[in-house]
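Notebook open, structure loaded. I want to go through a few elements and charge pairs and jot down what turns up.

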Amino acid sequence: MSDKPGSGASGPTDLQDILRAPGFCRHSTGHTAVVEWDADTGWSAPAVGPYATLPLDPATLGLHYGQAVFEGLKAFRGEDGSVSLFRPDDHGRRLARSAERLAMAEMPADLFTRACAQLVAAAEEWVPGGYGQSLYIRPLLLATEADLGLRPSRRYRCVFLAYPADPCFGSGFRPLAVTTATETVRAVRGGTGESKCAGNYAASLLTRTRAQAAGYDEVLWLDGLDRRRVEELSTMNVFFVWRDGDGSRLTTPPCEGTIVRGLTRDSLLTLAGDLGLPAVQEPTAIDDVVDGVRSGRLAEMFACGTAGVVVAVGRIGAGGEDLTVGDGREGPVTRRLRTALLDVQHGRTPDKHGWLLRVGATGAAHAHVIPTDAPHTDEGGGRNA
Ligand code: COI
């Protein structure tokens, strides 16, 4: 078995070994789908082929001026063995929105979904079956025209990569330790904060690396104006679970141009409603979070994202203090919401919001036909777990 990008697996035994514990994006399936755009001819049809390096002129516009946006979405195996993409059209729409902000070509969502469906069909045997496992798809849209004049490119290439993945970067849902940033900010209103552009992630790396050296997993970014309101983490959105009488109330920072419009975040807002848990988008001051942890009013806090899924935050560094959220372990609301999401993704509960798109071996996509009467087993009990 090899860990080299694009190397795939050399045989069925290798593949089963990989699928048992794939980690996060360590093993490419060895396939790509490519869609290209040219100002004169428009969008090409998706072409699925073997993983290959990109032939890029060193003067490529996307490398110099940062016209590079990406997505992350997943295909899941249902308990009947079928494979479905989760909210591919919504991911396609978000890629187009990111692209628009960077003056790039906006791919139609149906073309995006078709490319994902064809890629998954080609790599179908690579979709793991364990609960929470998935085939992670990484579409990257890059400006490929060579020119050093500052202007939008007239050519783009979208490369779709695929990797079997364990949930939450392979961490096993260990609660995270996060810390606020005191020197740097991630985004300001009117900037590119909500766009999944490569530059936003690059801009977060210095602070994140320093936070990790200090013993934290992630940076809890505050607003770029007065660093008072909580925004998101470098790789995930964030939710708070407040005690409210005998029940709980969930809040998450609103999308006002500075945070990524997480589709996991959006799904959880909907699923919370389904479960009868009040959940709202509401600005949250870091001071209220600190007070809430101290008083016990903040019962739980969790992070969410496509790669990360739903993972508890157990510790917060803020204002020179280290605070433990609750007892530092995953709380019941966090676990309940993660299970609700994964149950839909694996076809264990009805897909009543139409989020699943079944993809077949031919690449043809048949919407919303995963049977939902499969017995529910405990988390972690899938085929490869
Ligand atoms: C995802 O969760 O899919 C993302 O794109 C975040 C990335 C930093 C892994």
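First, my cut-offs: I call a residue buried under 20% relative accessible area, exposed over 50% and partly exposed in between (1.4 Å probe, protein chains only). Helices (H or I, at least four residues) and strands (E, at least two) are DSSP runs, numbered from the N terminus. This is a predicted model, where local features need pLDDT of at least 70 and side-chain atom pairs count only at pLDDT 80 or more, while totals for chains, interfaces and linings use all residues. Residues are numbered from 1 along each chain as its sequence is written, and side-chain values use heavy atoms, with hydrogens and water left out.

**Entry 1: helix α6.** I looked up α6, which covers residues 263–274. Its twelve residues reach 16 Å from first C-alpha to last, close to the 16 Å expected at 1.5 Å a residue (the expected span is 1.5 Å times one less than the number of residues). Which residues of α6 are buried? I get Leu-263, Thr-264, Arg-265, Ser-267, Leu-268, Leu-269, Leu-271 and Ala-272. After α6 comes Gly-276, with a positive phi near 80°.

**Entry 2: strand β10.** Next I checked β10 (residues 218–222): five of its five residues are buried, so the strand is largely enclosed by the rest of the structure. In a regular strand the side chains alternate between the two faces of the sheet. Here I find Glu-218, Leu-220 and Leu-222 on one side, Val-219 and Trp-221 on the other, and all are buried.

What does β10 pair with? I count strands as paired if DSSP finds at least two bridges between them. β9 (residues 176–180) runs parallel to β10 over three bridges, and Thr-180 has Leu-220 as its bridge partner. The chain gets from β9 to β10 through helix α5 (residues 198–213), in a right-handed β-α-β crossover. Right-handed here means that, with the strands pointing away from the viewer, the path from the first strand over the helix to the second runs clockwise. With β11 (residues 230–233), β10 pairs in the antiparallel sense, again over three bridges; there Leu-220 stands opposite Leu-233.

**Entry 3: salt bridges.** My search of the whole structure gave 25 salt bridges, each a side-chain nitrogen of Lys or Arg within 4 Å of a carboxyl oxygen of Asp or Glu.

- Glu-218 meets Arg-208 at 3.2 Å, N to O. That ties strand β10 to helix α5, ten residues apart in the chain. Glu-218 is buried at 2% relative accessible area, and Arg-208 counts as partly exposed at 21%.
- Arg-189 meets Glu-256 at 2.7 Å, N to O. Arg-189 sits in the loop between β9 and α5, and Glu-256 in the loop between β13 (247–252) and α6, 67 residues apart. Arg-189 is exposed, because its relative accessible area is 56%; Glu-256 is partly exposed at 36%.
- Arg-151 bridges to Glu-145, with the closest N and O atoms 2.8 Å apart. Arg-151 is partly exposed at 29%, whereas Glu-145 is buried at 12%.
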